[in-house]
Amino acid sequence: MAEGIELDSFQRLEALVDSAGISGIAEADDLLRRFKGRSEVVTAAIDEFMLDFKTLVFVVETGAAGFQKSLGNLARTRLSNLQHLINLAA
């Protein structure tokens, strides 16, 4: 059952990356909180994802649309790496 919850969390995180709104930062942080501390590698991957996600949101909020696609792809890549690390640790 825990795998289903993790999958739901990552699907929601992907949706947050797609929408890239300011309110998504707190929600992403809440979704990832339970994974922090599993290992140093997972915690570092969470921090990297959140930095990229916050950068993406900043770009969207400031209207610098030229960077949105690239940053969105970067955030999705970090999220995919994080999901892989969490699945390995499970």
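Predicted model: local features only at pLDDT ≥ 70, side-chain atom pairs only at ≥ 80, totals over all residues.
**Figure 1. The chain holds 4 helices and 0 strands.** Helices (H or I, at least four residues) and strands (E, at least two) are DSSP runs, numbered from the N terminus. Along the sequence the pattern reads α-α-α-α. The radius of gyration, taken over C-alpha atoms, is 13 Å. Residues are numbered from 1 along each chain as its sequence is written, and side-chain values use heavy atoms, without hydrogens and water.

**Figure 2. Helix α3 covers residues 40–62.** Its 23 residues reach 33 Å from first C-alpha to last. That is close to the expected 33 Å, which is 1.5 Å times one less than the number of residues. Buried residues (under 20% relative accessible area, 1.4 Å probe, protein chains only) in α3 include V42, A45, I46, L56 and V59. Just after α3, G63 takes a positive phi of about 85°.

**Figure 3. F49 and F53 form a stacked aromatic pair.** Rings of Phe, Tyr and Trp (its six-membered ring) pair if their centres lie within 6.5 Å; planes under 30 degrees apart count as stacked, over 60 as edge-to-face and the rest as tilted. The count comes to 2 aromatic pairs. F49 and F53 lie 5.7 Å centre to centre, with 10° between the planes. Why are F49 and F53 separated by about one helical turn? Because they are 4 residues apart in α3. F49 is buried, at a relative accessible area of 0%. F53 is buried, also at 0%.

How values were computed. Buried < 20%, exposed > 50% of the residue type's maximum accessible area, 1.4 Å probe, protein only. Rg over C-alpha atoms; globule rule 2.2 N^0.38 Å.
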